[in-house]
Amino acid sequence: MTAHHLTVPNGDVDIDVTDCGGQGPPVILLHGLAGSSRELLATAAAITDSYRVLLIDQRGHGRSTRRPADLSREAFVSDVATVITRLLPGQRATLVGQSMGAHTAFLTAATHPRHVSRLVMLEGHVAGDERTEPAQDVGKYFASWPAHFTDTAHARAILGDSPLTEAWIDDFIDEAEGLRPRFDADIMYRAIAAVHEPRWQEWKRLDTPTLAIFAEHGMFSDGAKAELIRQRPSTRRVDLVGASHDAHLDAFDAWINALRAHLDDEDFGPAAE
């Protein structure tokens with residue numbers, strides 16, 4: 001694996017990228033809110049036999065700039081476009097994202113179609129939410145965390161015992177005061193608030209071949225899932241039985257089987273050039 005630390009064009013944000021190697025068309029993996037590229041290392045390992053895989057820590061997350069001033073959706077999209085133009089010059093990539101990462105991937109495909117060959121959205125949507133409470137609740141939840149956890153047992157006692165908790169723990173910074181998360185609550189609130197703006201027009205105009213993967217016990221209602229496809233019937237849909245919103249962590253085999261089946265399908269749109 002090769003690490004890259006790219007400074008974006010305006011110069012005030014660095015984006016951390018891990019090139020996992022692999023032979024074949026490029027695939028970029030994008031984590032969700034309050035996550036990092038580390039939680040997608042296993043996904044990368046499962047497909048590098050056929051694809052060159054890059055992992056991006058989105059701004060405000062992981063090892064990228066922790067407190068960027070600009071948390072607009074346009075800034076997140078620009079970061080991905082910068083990675084493609086600098087590390088994959090002249091190539092088109094398949095974008096694979098989970099949750100907020102799926103939203104970033106979708107908007108990148110809509111804004112920069114010449115950079116993107118295919119799109120895979122795991123537990124992602126474009127409808128947004130006119131209510132302010134959901135975003136505020138996310139911010140309050142992360143603000144309720146201590147600045148540092150004493151140790152992993154302390155973190156599990158507060159955050160619960162789940163694959164998502166383990167992903168957070170694996171990414172904590174070990175400091176003298178204890179274990180510190182790699183993100184700040186106010187940044188998470190601002191980032192997710194922007195995701196909650198409806199993006200139906202971009203969705204209906206999107207030309208990129210797209211696979212939408214939903215979890216049986218995920219974030220979206222049956223009606224919301226159906227509406228995404230109704231608004232753009234060319235979209236492929238797969239449902240993962242028994243999975244949660246973090247299906248890449250708690251339903252890994254089913255997730256990889258669905259991902260590989262479509263990445264390897266020559267009828268699933270154009271391969272990267």
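**Notes on the model**

1. At 17% relative accessibility, Ser 99 counts as buried, where buried means under 20% relative accessible area, exposed over 50% and partly exposed in between, with a 1.4 Å probe and protein chains only. Ser 99 lies in the loop between β5 (93–98) and α3, helices (H or I, at least four residues) and strands (E, at least two) being DSSP runs numbered from the N terminus. Although Ser 99 is not a glycine, its phi is positive, at about 55°.

2. This is a predicted model, in which local features need pLDDT of at least 70 and side-chain atom pairs count only at pLDDT 80 or more, while totals for chains, interfaces and linings use all residues. Residues are numbered from 1 along each chain as its sequence is written, and side-chain values use heavy atoms, with hydrogens and water left out.

3. Ala 34 is placed in the loop between β3 (26–30) and α1 (41–47), and its relative accessibility of 2% makes it count as buried.

4. The sheet is open and has 8 strands in the order β1-β2-β4-β3-β5-β6-β9-β10, with mixed pairing; two strands pair if DSSP finds at least two bridges between them. The edges are formed by β1 (2–7) and β10 (236–244), each of which has a single partner strand, so one side of each is left without a neighbour in the sheet. From one strand to the next the twist averages 20°.

5. Within this sheet, strand β6 (residues 116–122) and strand β9 (residues 210–217) run parallel and are joined by 4 bridges, and Leu 119 stands opposite Thr 210 in β9. In strand β2 (residues 14–19) one finds Thr 18, which is buried, with a relative accessible area of 15%. Apart from neighbours within four places in sequence, Thr 18 is in contact (heavy atoms within 4.5 Å) with Met 1, Thr 2, Val 53, Leu 54 and Leu 55.

6. Helix α2 (residues 73–87) and helix α3 (residues 100–111) have axes that come within 9 Å and cross at roughly 75°; axes are lines fitted to C-alpha atoms, for helices over the stretch in contact, and angles run from 0 to 180 degrees between N-to-C directions. That makes α2 roughly perpendicular to α3, on a scale where angles under 35 degrees count as roughly parallel, over 145 as roughly antiparallel, 65 to 115 as roughly perpendicular and the rest as oblique. On the α2 side, Arg 73, Phe 76, Val 77 and Val 80 meet Met 100, His 103, Thr 104, Leu 107, Thr 108 and Thr 111 in α3. By class, the contact of α2 with α3 has 5 nonpolar, 4 polar and 1 charged residues, with Ala, Val, Leu, Ile, Met, Phe, Trp, Tyr, Cys and Pro counted as nonpolar, Asp, Glu, Lys and Arg as charged, and the others, Gly among them, as polar.

7. Across the whole structure a search finds 11 aromatic pairs; rings of Phe, Tyr and Trp (its six-membered ring) pair if their centres lie within 6.5 Å, and planes under 30 degrees apart count as stacked, over 60 as edge-to-face and the rest as tilted. One of them is edge-to-face, because the rings of Phe 142 and Trp 168 have their centres 6.1 Å apart and their planes at 85°. This pair links distant parts of the chain, with Phe 142 in helix α4 (residues 133–143) and Trp 168 in helix α6 (residues 163–171), 26 residues apart. Both Phe 142 and Trp 168 are buried. Ring pairs join Tyr 141, Phe 142, Trp 145, Phe 149, Trp 168, Phe 172 and Phe 183 into a cluster.

8. The buried residues of α6 are Thr 165, Ala 167, Trp 168, Ile 169 and Asp 171, and their cover includes α4, α5 (152–159), β7 (173–175) and α10 (247–250).

9. Arg 182 is in the loop between β8 (178–180) and α7 (185–195) and, at 17% relative accessibility, counts as buried. Arg 182 and Gly 62 are 120 residues apart in sequence, yet 5.6 Å apart in space, C-alpha to C-alpha.
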